[in-house]
Amino acid sequence: MQPRNMSMSGVVDLAAVKAAQEAKAKAEQARAEAARNGGAGGVSPADLVIDVDEARFESDVLQRSTEVPVVIDFWAEWCEPCKQLSPVLERLAVEYNGRFLLAKIDVDANQMLMQQFGVQGIPAVFAVVAGQALPLFQGAAGEAQIRQTLDQLVQVAEQRFGLTGLVVDPEAEPGADRGAAERPAGPHDAALEAAVQALDAGDLAGAVRAYKNVLSDDPGNTEARLGLAQAELLQRVQDADPQRVRQDAADKPDDAQAQIAAADLDLVGGHVEDAFGRLIDTVRRTAGDDRDAVRVRLLELFEVVGADDPRVTAARRALARALF
């Protein structure tokens, strides 16, 4: 029931990375299926605004957030500002034509959700993207501010998570989408789920084996490749002594392996730019096999963060300058 990955800090941790990987894979699968069906299967405009309670939060918010950004409107019948804000959000949900889904939560009937999101007053508006919750604004904001916030949300969802929204079909029957059957399982879904469960349980060796098994049958499987990169990173730092690793890196700035180990810790700690910068600087200072080892590790860390992340794009340019 509890929303997963409820970090509001904005720091990209590995839980967020995993959710992004899963979301991208599901979005690609959904787009491929829509293409095979000739674009059929759209939702009704009426289904772009839904009422959500605690019982349906998992399916209607968390699961749907892997397909489309879900904007949550916390409201109550007695709240006068809510009566001003909610109609604006509902109208914009239809106007944005599937680029986000609006979920309305009555706080009087869903106190647990209100507490889990840390709502201090209403109206309060949050978003959930790929299982990641973030606050948008509180109070009856003006429409211009709301539009700007939604535009930023939609852009981040598309660029970082590959979520292009829902296909809207004016002829679709309202309510059909929420009751639709789940997509048929893919040939590697069971193995991928086993890998995710192993990762969540801390069985890193099991996760690595499961992802490698998928890749042995399907070398191009994006989810398995990204999951393997994450699992191997966590495996490398599992028994590391952070203080010793960082001291070695400080004492040996030209030691490729010392800098590689420190970069792994940087990334696990959410210091993405530091990890990339450390290895790019090491590429400049080294040569031969050492330089190649640093370059390979940097490419592996790019896989963990994701090719669409702007920090990866910037680091690729910096690496090219360092190499050539």
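Two strands are taken to pair if DSSP finds at least two bridges between them. Helices (H or I, at least four residues) and strands (E, at least two) are DSSP runs, numbered from the N terminus. The model is predicted: local features need pLDDT of at least 70, side-chain atom pairs count only at pLDDT 80 or more, and totals for chains, interfaces and linings use all residues. Residues are numbered from 1 along each chain as its sequence is written, and side-chain values use heavy atoms, with hydrogens and water left out.

The sheet is open and has five strands, in the order E1-E3-E2-E4-E5, with mixed pairing. Its edges are strand E1 (49-51) and strand E5 (132-138); each has a single partner strand, so one side of each is left without a neighbour in the sheet. On average, neighbouring strands of this sheet are turned by 25 degrees against each other, direction ignored. Axes here are lines fitted to C-alpha atoms, for helices over the stretch in contact, and angles run from 0 to 180 degrees between N-to-C directions.

Strand E3 (residues 101-106) runs parallel to E1 and is joined to E1 by three bridges. Within this pairing, Val49 stands opposite Leu102, and Ile50 has Ala103 as its bridge partner. E3 also runs parallel to E2, with six bridges between them; here Phe74 stands opposite Ile105 of E3. Five of the six residues of E3 are buried, where buried means under 20% relative accessible area (1.4 Å probe, protein chains only).

E2 and E3 belong, with helix H3 (residues 80-95), to a right-handed β-α-β unit. Right-handed means that, with the strands pointing away from the viewer, the path from the first strand over the helix to the second runs clockwise.

Helix H5 (residues 143-161) lies across strand E2 (70-75), strand E4 (124-129) and E5, and runs at about 165 degrees to E5.

Leu233, Leu234, Arg236 and Val237 in H8 meet Asp264, Leu265, Leu267 and Val268 in H10, contact meaning heavy atoms within 4.5 Å. The residues of this contact divide into six nonpolar, no polar and two charged; Ala, Val, Leu, Ile, Met, Phe, Trp, Tyr, Cys and Pro count as nonpolar, Asp, Glu, Lys and Arg as charged, and the others, Gly among them, as polar.

Methods:
Buried < 20%, exposed > 50% of the residue type's maximum accessible area, 1.4 Å probe, protein only.
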